[in-house]
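Subject: Structure handover

Hello,

Here is the structure I promised to pass on. Please open it alongside this note; my findings follow below.

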Amino acid sequence: MANTTYIGGAVIADTVYLNGVLVGRDVEITLPAVEYATIDLAVMGTYSKPIPQLIEHMEAGFGKIDPGLWCENVNGAGENNIECRWAQDITTPNGGTRTIGLKAFLRGESANIPELGVVVGESTEAQNNVGLSKYAVFRDGKELFYIDRWAGVNRVGGKDLNAAINQFL
């Protein structure tokens with residue numbers, strides 16, 4: 001059987017925009033796992049069945065962003081729009097390589113005022129965390145998943161996971 005798998009390689013560069021303002025390049029970005037609530041069923045022991053319509057808290061983290069620039073552009077008591085862009089090399093099934101573009105669109109509120117590490121001779125860094133109400137990722141312009149709590153959107157791989165319940169609401 002022929003290899004049809006693309007193998008992800010190194011991230012080459014990234015940028016982060018906060019409310020449309022560039023706030024960082026080559027930032028450490030931690031995008032959250034999407035975890036579903038579960039229900040425990042007694043089936044040959046205990047089976048914790050995921051409920052994809054109920055999503056647990058999601059939080060993204062950003063490091064290596066100038067804390068002053070972050071604080072100047074964050075809306076203190078409201079939600080912020082964050083766009084993360086990154087370029088990544090992949091190995092194609094025929095053994096070649098190419099660079100792809102990925103984007104994450106986030107909306108959320110600052111989850112903390114970060115502690116600041118101040119060391120003479122080093123840049124000041126802070127870990128900025130954001131609790132998310134929206135989380136969408138696109139690869140080469142194609143939607144991988146799109147979750148928006150306020151709009152009731154919950155799509156993965158183009159499939160609307162809320163379709164079965166939306167007809168009753």
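**Findings**

Strands S7 (residues 80-91) and S8 (residues 97-110) run antiparallel and are joined by 12 bridges. Strands here pair if DSSP finds at least two bridges between them. Helices (H or I, at least four residues) and strands (E, at least two) are DSSP runs, numbered from the N terminus.

The model is predicted: local features need pLDDT of at least 70, side-chain atom pairs count only at pLDDT 80 or more, and totals for chains, interfaces and linings use all residues. Residues are numbered from 1 along each chain as its sequence is written, and side-chain values use heavy atoms, with hydrogens and water left out.

**Hairpins and sheet partners**

Back to S7 and S8. Asp-89 has Thr-99 in S8 as its bridge partner. The hairpin of these strands has five residues between them, and Gly-95 takes a positive phi near 95 degrees.

S8 also pairs with strand S9 (residues 128-139). Nine bridges join the two, again antiparallel. Ala-104 is bridged to Val-137 in S9.

Strands S4 (residues 36-42) and S5 (residues 46-55) run antiparallel, with seven bridges. Asp-40 finds its bridge partner in S5, at Ser-48. Three residues lie between the strands, and Met-44 in the turn has a positive phi of about 50 degrees.

**Around Asn-129**

Asn-129 is in strand S9. Its side chain makes a polar contact with the side chain of Gln-127, at 3.3 Å. (A polar contact is a pair of N or O atoms within 3.5 Å; within protein, one must be able to donate a hydrogen and the other to accept it, and residues adjacent in sequence count only if both atoms are side-chain atoms.) Leaving aside residues up to four places away in sequence, Asn-129 touches Glu-59, Ala-60, Gly-61, Glu-109, Ser-110, Ala-111 and Asn-112. Contact means heavy atoms within 4.5 Å.

**Aromatic residues**

How many aromatic pairs does the whole structure hold? The search finds three. Rings of Phe, Tyr and Trp (its six-membered ring) pair if their centres lie within 6.5 Å; planes under 30 degrees apart count as stacked, over 60 as edge-to-face and the rest as tilted.

One of them is Phe-105 with Phe-138: edge-to-face, 5.7 Å centre to centre, 80 degrees between the planes. Phe-105 lies in S8 and Phe-138 in S9, so this pair ties together parts 33 residues apart in sequence. Phe-105 is partly exposed, at 26% relative accessible area. The classes are buried (under 20%), exposed (over 50%) and partly exposed in between, with a 1.4 Å probe and protein chains only.

Tyr-135 and Phe-145 have ring centres 4.9 Å apart and planes at 80 degrees, so they too are edge-to-face. Tyr-135 lies in S9 and Phe-145 in strand S10 (residues 142-148), so the pair links parts 10 residues apart in sequence. Tyr-135 is buried at 4%. Phe-145 is buried at 17%.

Arg-155 lies over the face of Tyr-146, 5.1 Å from the ring centre. The test asks for NZ of Lys or CZ of Arg within 6 Å of the ring centre and within 35 degrees of the ring normal.

**Whole chain**

The chain has two helices and 12 strands. Its order is β-β-β-β-β-β-α-β-β-β-β-β-β-α. The C-alpha atoms fill a box of roughly 60 × 45 × 35 Å along the principal axes. Of the 169 residues, 33% are buried.

Best wishes
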